[in-house]
Amino acid sequence: MLIIDDYYTEGTRIVIDYVHQVYAQLFPFSLSNKIICVQHWNEDYPLTAPKRFNPNITADNIVFITCEDGYWSQIIYQLGHEFSHVVMDCYPETESLKWISECLCEAASIYMLDNSKSFFRKHLPIYEKSVEKYLYDHLNKSISLNACEIFKYIQKNIKNLTDDPNEEGKVGRPRNNIIGKYIASIILNNPEGWTAIALFPTDDEKMDYNEFVLQWYNKCKTNNQREFVSSLAKVIIEKNLV
C-alpha cells in the first residue's frame with residue numbers, strides 16, 4: 001500500500017505511483033504487504049525511516065524526499081534510491097558494508113531514470129527529453145570505469161567508503177556516484193538479476209567482504225540473481241562466483 005503526502009499534486013502522484021509500481025512488480029515479496037508513506041520534508045537530504053528502527057510509526061516505512069512538486073526527474077532519482085533501501089531492509093548491521101548498499105541505491109536511481117523514459121514516452125512524450133537530459137547531466141558528473149578499474153578504485157578508497165558511506169558534507173556523493181554508475185550498467189544488462197538486492201544480507205555484524213558476497217550469492221534463487229551478485233563480487237573481492 002502506498003500513501004502519498006497531500007503536498008504533491010495529481011501529476012506528481014502519478015509519477016510517484018509509477019516508481020512504486022516498478023518496485024512492486026520486481027519485488028512483490030518485499031513490498032506486497034508493506035505500507036509505504038512518501039512524505040515531503042524540508043531537510044536537504046532524503047531519508048527512509050523503517051518501522052524496525054522507529055517502532056512508533058504506523059507505516060512500515062516512511063520515505064522522506066526533498067523534491068518540490070513537479071520536479072519529476074529528481075523525484076524518480078530520490079525514490080529509486082530510497083525504495084531500494086526499503087527492499088534491502090534499509091541498512092546492513094555491519095558498518096563496513098553500508099557503502100555497498102549506498103552504491104546499489106545510487107545504481108537503482110540511474111536505472112529508474114533510464115526506465116522512466118519509456119513511461120514518459122507513453123504517457124507524457126513532452127517530458128521524455130527532460131528526463132533524458134537529467135540522466136545525461138547526472139552521468140556526466142562521474143568518470144566511467146570498467147570492472148578492473150572499479151576494483152582498483154574501491155581498493156584505493158576502501159577506508160573512506162567504510163568510514164563515511166554517506167559521504168557526509170560532500171556535494172553529490174562523488175565516490176558512490178562513480179561506483180553506482182558502474183553497477184547501473186550491470187542492472188541495465190540484467191534487470192531480473194537486480195532483484196537479488198531483496199536478498200541483501202543484513203543480519204550478521206561480523207561478516208567480512210568474502211563472507212558477505214558468498215552469503216549473498218548462496219541466498220540467490222535464480223541464475224540471473226547469481227550472475228548479478230557474481231558481477232559485484234568481481235569488483236569487491238576480485239572473484240568470479242559463477
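Reply: Helix H1 covers residues 10–26, and at 1.5 Å a residue its 17 residues should span 24 Å, which agrees with the 25 Å between its end C-alpha atoms (the expected span being 1.5 Å times one less than the number of residues; helices, H or I of at least four residues, and strands, E of at least two, are DSSP runs numbered from the N terminus). This is a predicted model, in which local features need pLDDT of at least 70, side-chain atom pairs count only at pLDDT 80 or more, and totals for chains, interfaces and linings use all residues. Residues are numbered from 1 along each chain as its sequence is written, and side-chain values use heavy atoms, with hydrogens and water left out.

E2 leads on to strand E4, since the two pair (at least two DSSP bridges) in the parallel sense over five bridges, with valine 38 having valine 63 of E4 as its bridge partner. Strand E3, residues 47–50, pairs with E4 in the antiparallel sense over four bridges, and here valine 63 is the bridge partner of threonine 48.

E4 itself, residues 61–65, is largely enclosed by the rest of the structure, because five of its five residues are buried. Both of its faces are covered, with Asn61, Val63 and Ile65 buried on one side and Ile62 and Phe64 buried on the other.

Methods
Buried means under 20% relative accessible area, exposed over 50%, partly exposed in between (1.4 Å probe, protein chains only).
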